[in-house]
Amino acid sequence: MENKQKVVFVGAGSMAEAMISGMLQKELFAPSQITVINRSNTERIDYLQMTYGIHTTQNKEITLKNADIMILAMKPKDVVEGVTNIREFVNSRQLIISVLAGVATTTITDLLQTKVAVIRAMPNTSATIGKSATALSVGKYATEEDLNIAHQLFTTIGIVTTVAEKDLHAVTGLSGSGPAYVYYLVEAMEKAADEIGLEKKIAKELILQTIIGAAEMLKTSTKQPAILRREVTSPGGTTEAGIKVLEQFHYQEAMISCIKRATTRSSELGEALTQSTASQD
Ligand SMILES: NC(=O)C1=CN([C@@H]2O[C@H](COP(=O)(O)OP(=O)(O)OC[C@H]3O[C@@H](n4cnc5c(N)ncnc54)[C@H](OP(=O)(O)O)[C@@H]3O)[C@@H](O)[C@H]2O)C=CC1
Ligand SMILES: O=C(O)[C@@H]1CCC=N1
């Protein structure tokens, strides 16, 4: 699809790069439509410009004023400084998309002091290859049309769903942070493979295909995960022996606590800001 919208990323870290990479692969945007700015790391901007052919700018004021969509992609701790710095260049015709964990749309509009459309999004870094699981929610001034634009944008980097804003904390704990849980599992499998004497290269290949195969099975099979697990688990066999050890270490409880803690952390990140930036009207 052709469009002429100008997109500015405010924040040039891992998430911005993952989104840029995915967005360009799907060709909804040409590199010339995308500009990235950050606080101070010019090497990082040079790298993104070299790698993706996107724009950088010497004149943030004009770039921001001309933007159709601004994607806020700094860390939550930097949002007050970051948003305050761009405030004077934002107008109510623009669409602000925030990917910041925990940070409420009202915090953004309060900081901007403008009645501007804000869509809050929680993607994940699998956006890099167009496989993000993204959830969106709408701020007070965002319209159905704004949501459609955001939906279209995030569809270029994976699947998209819409949730109530209060549920974005849970989404963050589950699928925003989710890729890290899988990578952590793979790290453990690699360490185990080493300890049981398998060559690194061979182990890596086997682990990778095991994860891909299991993920594809989960996606294509009509069977529940517990049934698929049981089908691997022969009575008195190796899997049963292994899973008993996972149960002794309370593996499922650990995963559940992990996701709950990440969810709570998202709320904490937002609450600190909601209290300090709440509008007086
Ligand atoms: N990483 C992930 O998996 C996901 C992250 N998110 C969210 O995305 C956001 C970014 O995360 P991530 O990419 O990992 O973070 P990074 O630390 O990798 O990047 C943060 C970026 O923000 C820039 N920045 C900091 N302060 C300002 C400022 N005042 N004005 C403009 N830019 C600024 C930094 O620039 P400089 O280096 O110059 O200081 C840097 O480019 C976070 O809010 C996070 O919650 C959401 C989903 C998944
Ligand atoms: O760790 C974080 O805070 C961000 C949000 C989701 C993934 N990374």
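Which helices each supply at least two residues of the shell around ligand 1?

## The ligand shell

Helix H1 (14-26) and helix H4 (79-86) do; helices here are DSSP runs of H or I with at least four residues, strands are runs of E with at least two, and both are numbered from the N terminus. This is a predicted model, in which local features need pLDDT of at least 70 and side-chain atom pairs count only at pLDDT 80 or more, while totals for chains, interfaces and linings use all residues. Residues are numbered from 1 along each chain as its sequence is written, and chains are lettered from A and ligands numbered from 1 in the order in which they are written.

In total, 28 residues surround ligand 1, each with its C-beta atom, placed from the backbone, within 6 Å of it. The closest are Gly11, Gly13, Asn38, Gly82 and Ala101.

## Two positions from the record

UniProt, in an unreviewed entry, puts a "binding site" at Ala73, Met74, Lys75 and Pro76; such annotations may be inferred rather than shown by experiment. Alanine 73 sits in the loop between strand S3 (69-72) and H4, and proline 76 lies in the loop between S3 and H4 too.

Alanine 73 counts as buried because 25 other C-beta atoms lie within 10 Å, whereas proline 76, with 19, is partly exposed (buried means 20 or more, exposed 12 or fewer, partly exposed in between, with C-beta atoms placed from the backbone).

## Around strand S6

Six of the seven residues of strand S6 (residues 132-138) are buried. S6, helix H6 (residues 144-155) and S7 form a β-α-β unit that is right-handed: with the strands pointing away from the viewer, the path from the first strand over the helix to the second runs clockwise.
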